[in-house]
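Please read the following account alongside the sequence and the coordinates. The discussion moves from one site to the next.

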Amino acid sequence: MPLVATGEIVGAAARAGLGAGAFNVIQIEHAQAIVAGAEAAGAPVILQISENAVRYHGALAAIGRATVEVARAARVPVAVHLDHATGPELVREAVDLGFGSVMFDASALDYDGNVAATAEVAAGCHAHGVWVEAELGEVGGKDGVHAPGARTEPAEAAAYVAATGVDALAVAVGTSHAMVVKAAVVDLPLVAALRAAVPVPLVLHGSSGVPEADLTRVVEAGLTKVNIATHLNVAYTRAIRDHLAGHPEVVDPRRYVAAGREAVAREVTRLLKLVRATR
């Protein structure tokens, strides 16, 4: 199954009223696990590399190329996405590496500056057939637009999409980044209002904090791309800790990292079903 465009996965899901699962890659084992979980679910999936992950690796090239190769070898449709990029240079590098989409974060700028920068990035990406996600407001920080009390206003969101030409919009509806407890209260009526006002697919960041039954409800209400990162990190770390506690003699990282990889694959399979990534 060849590497596919992110817009192909998200667009097909939006038209069918389904969800598109997007999971963050930190190490190559995460990419392998996410694809294995998607194959077990028989569902398409999006592999995301964030700017924070790029900073951890010191550069995008190595982890980016590895992730693209994992996607190309998959037996289900897989797309590769750059998450929360704050500068056009990183966006250009991702496009050159074969990423099918980027999420551009111009949150440090005021509204007019955000629109201008995002529109420029979107035009450049579209010239290369690359799909662009953006977000209105303060994006990226743990206490920015994804603070639990923040909300995206439907009319302003529609105007922002029209002004920037982006292909998808991440919205603030009650979630917050990096949550390790499932305590987010999603504003489902607002999701429905945004869906009615905004002509492109909607994206939910901070989905790790959403109660599992609500993951299905947010898709039914109108969200399409569902980003999950911290939840998988919890599963990965717990599995490694448990393996080392049960096997204190182990020193080969292939043995304990494999336990984390298997745990992530199982969670991806389960989560893709919750977000209705396949019928």
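Predicted model: local features only at pLDDT ≥ 70, side-chain atom pairs only at ≥ 80, totals over all residues.

Residues are numbered from 1 along each chain as its sequence is written, and side-chain values use heavy atoms, with hydrogens and water left out.

An unreviewed UniProt entry places the feature "active site" at Asp83; such annotations may be inferred rather than shown by experiment, and their positions are given in the numbering used here, with feature names shortened. Asp83 belongs to strand β3 (residues 78-85), where strands are DSSP runs of E with at least two residues and helices are runs of H or I with at least four, both numbered from the N terminus. With a relative accessible area of 5%, Asp83 is buried (buried means under 20%, exposed over 50%, partly exposed in between, with a 1.4 Å probe and protein chains only). Beyond its neighbours within four places in sequence, Asp83 is in contact (heavy atoms within 4.5 Å) with Asn24, Gln48, Ile49, Ser50, Glu51, Met103, His205 and Asn227.

The second largest pocket holds about 230 Å³ of space. A pocket is an open set of points on a 1 Å grid over the protein atoms alone, where a 1.4 Å probe fits, with protein on both sides within 12 Å along at least five of seven lines; lining residues have an atom within 4 Å of a point. The volume is the space filled by probe spheres set on the points, which are joined across faces, edges and corners. Helices α5 (88-97) and α6 (111-126) are the elements that give two or more residues to this lining. Among the lining residues are Arg92, Phe104, Glu120 and His128. By class, the lining has 7 nonpolar, 2 polar and 3 charged residues (Ala, Val, Leu, Ile, Met, Phe, Trp, Tyr, Cys and Pro count as nonpolar, Asp, Glu, Lys and Arg as charged, and the others, Gly among them, as polar).

Tyr111 is partly exposed at 34%, whereas Tyr160 is buried at 0%.

Finally, Thr269 in helix α11 (residues 253-274) is buried at 14% and touches Gly37, Ala40 and Ala41, not counting residues up to four places away in sequence.
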